[in-house]
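I open this notebook to record what I looked up in one structure. The entries follow the order in which I consulted it.

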Amino acid sequence: MILEEKPEGQGAGEESARLQGCDSLTQTQRGRLQSRRARIHQQIDKELQMRTGAENLYRATSNNQVKETVALELSYVNSNLQLLKEELEELSSSVDTCQHRSEGVTVPMIPLGLKETKDLDWSTPLKELISVHFGEDGASYEAEIRELEALRQAMRTPSRNKAGLELLMTYYNQLCFLDARFLAPARSLGLFFHWYDSLTGVPAQQRALAFEKGSVLFNIGALHTQIGACQDRSCTEGASCAVEAFQRAAGAFSLLRENFSHAPSPDMSTASLSALEQLMTAQAQECVFEGLSLPALVAPHDCLAQLRLAQEAAQVAAEYRLVHQTMAQPPVCDYVPVSWTALVHVKAEYFRSLAHYHAAVALCDSSLAAEGELPTHEQVFLQPQTSPKSQGPALPQEPEERRKLGKAHLKRAILGQEEALRLHAVCRVLRKVDLLQAVVDQALRRSLAKYSELDREDDFFEAAEAPDIQPKTQQKPEARMPSLSRVKVADIFHRLGPLSVFSAKNRWRLVGPVHLTRGEGGFGFTLRGDSPVLIAAVIPGGRAAAAGLKEGDYIVSVNGQPCKWWRHAEVVAELKAAGDTGVNLQVVSLLPGLGDRRPSPLGPKGLLRSQREYGCKTPSSARASPRPLLGWSRKPKQGKTGGCPQPCALAPAGSELWGNCPPPHRRTFRQCLPHPVPKSS
């Protein structure tokens, strides 16, 4: 991330460009869906309470008539619960088949829905903090607060394109600025951040700004999934864009999983994020296969090309089998929609059958391989050499033997596609997805037609079992971190001053205005640094020392002009221009306390990977020193005095982080996402 603190006069006209990625038309639809989810959850809670009370009464009473009445009431309550759960499942389990309409028929993908949130009033806590801690009039920052609220409102409904991603990243970067400027270990904003779970619709709330940042990062990953699902994968460019989008989504969920713990919502738990990361990797692998299997790239009689497709399809099937195993295990199975698990199972069977189909085409429709290519062909069917299992038969060379083996592969392909159709029909939600059924049915008809070509009237032998296809891919998808460094933002509250000094983590005392006149040795001090300019040394007995200025003070005003953002040369020029009347200075003196604490390095190797990886730049403050990119939940070590704020994004000690959760389950919500170091202008 490249965060830039904008000096006075910059940033005009940026708000309209910043909100370009907002799609306000989707707000009504999503809000209506989330309201229905919340209402159903409330009704389910009410029915559960009634059932608990009825069960207690049934066990406690000895009156048979009362027991009969209670039993009848329990039957009504259980029926209502079943209906409500089915209605909730229809809302949560819907498979979004929003994809580009093309001539080719492609398998639908699984995009994630965005986390919804409630309106938030930043005005009261920010004005109070600006007045109390920064010593300025909080009412004078109405424009900045409105800009922040407009940005948050816009990011709730991002458009499904690059502009929507940039809108979410812009708000995330602004949260990093808010974290660095307004949060301190002993102080919170006092706001409750409300977010709805993306998988279940259950509301959750926390006071920690880390929860807000984590939810926005989740939406960045979810929006990548929606963009990937909407690509036209019938062309090479669309398939490549889909691969990139799903890899970015996997990177966002991986980043969230590695740096957040004890999240209050199920979709941000470690188990759910691991399952989502695996799902996005599998979908990226599927897009790789689709890109390689385009008719323009594959010749039907090219034996090597068909064998490569067989291995690619086997790789996709292996990825989806792993996803299905993860989704079928608790606690993920309690959160992930049942239709998703069923769709993943269908895809695993479908792509395994495709592997056998392409192997059969390679055996029966392709010419004999050259002598040097035979080992490559055999590796498609044989077990790896490192495997303790016995190796299967080698690739036959006689046409009749190749026909028989190809027929065996087609048999397995037909059985797999029939199983995929059966699994599709079992799931009530998937039965409504006609596109998926059309894809599998088309593949089954193609396999049956091929099998009828190979079948002969005098073919009475029982074909041997076809060996498994060994998974292999030319392009292994990897989780790629969201490109947060591409989005440059300017600190909305830049008027408060450079973050190296003016943040809630520092305490200071305003001195002045102090009137200084030029003596024989000048004003009696030396200056260093930019934004703000630092008094590096005070000459004993000089005019500055007599006026009470001290080494380490920051000049914030010259002759009534605010100069927090002035550079060294500008301050020096203003002082040189002072005549015999002298100059009036205002300075701030940092007080000992939180501002003197330095964060500890991230292990023996210092910074995590490198600052350049996340696009972070350290400020050029006079007393700044390198600091970690992540705010870890550790006690900071004492170090040299410096004006840089700590990038720790943890909630204040003693604050309640788990909202309405019962006391036995309250834990500390830790967050250590990449926290960019704002750049001083």
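This is a predicted model: local features need pLDDT of at least 70, side-chain atom pairs count only at pLDDT 80 or more; totals for chains, interfaces and linings use all residues.

**Entry 1: Helix α9**

Residues are numbered from 1 along each chain as its sequence is written, and side-chain values use heavy atoms, with hydrogens and water left out.

I then looked up burial, where buried means under 20% relative accessible area, exposed over 50%, and partly exposed in between (1.4 Å probe, protein chains only). Of the 23 residues of α9, 18 are buried, so the helix is largely enclosed by the rest of the structure.

**Entry 2: F246**

I located F246 in helix α8, residues 236-259. F246 is buried, because its relative accessibility is 0%. Contact means heavy atoms within 4.5 Å. Leaving aside neighbours within four places in sequence, I found F246 in contact with M109, T225, G228, A229, M280, Q283, A284 and C287. I also looked up the pair F246 and A222: they are 24 residues apart in sequence, and their C-alpha atoms are 9.5 Å apart in space.

**Entry 3: Y451**

I placed Y451 in helix α15, residues 434-454. Its relative accessible area is 23%, so Y451 is partly exposed. Apart from neighbours within four places in sequence, Y451 has contacts with K407, L410, K411 and I414. Y451 and K407 stand 44 residues apart in sequence, with 6.4 Å from C-alpha to C-alpha.

**Entry 4: H494**

I found H494 in the loop between β5 (488-490) and β6 (507-516). H494 is buried, since its relative accessible area is 7%. I recorded that the H494 side chain reaches the backbone oxygen of D491 at 3.3 Å.

**Entry 5: Cysteines**

How many disulfides does the structure hold? I found zero, a disulfide being a pair of cysteine sulfur atoms within 2.5 Å. I also looked up the accessibility of two cysteines: C176 is buried at 1%, whereas C230 is partly exposed at 26%.

Notes: Helices (H or I, at least four residues) and strands (E, at least two) are DSSP runs, numbered from the N terminus. A polar contact is a pair of N or O atoms within 3.5 Å; within protein, one must be able to donate a hydrogen and the other to accept it, and residues adjacent in sequence count only if both atoms are side-chain atoms.
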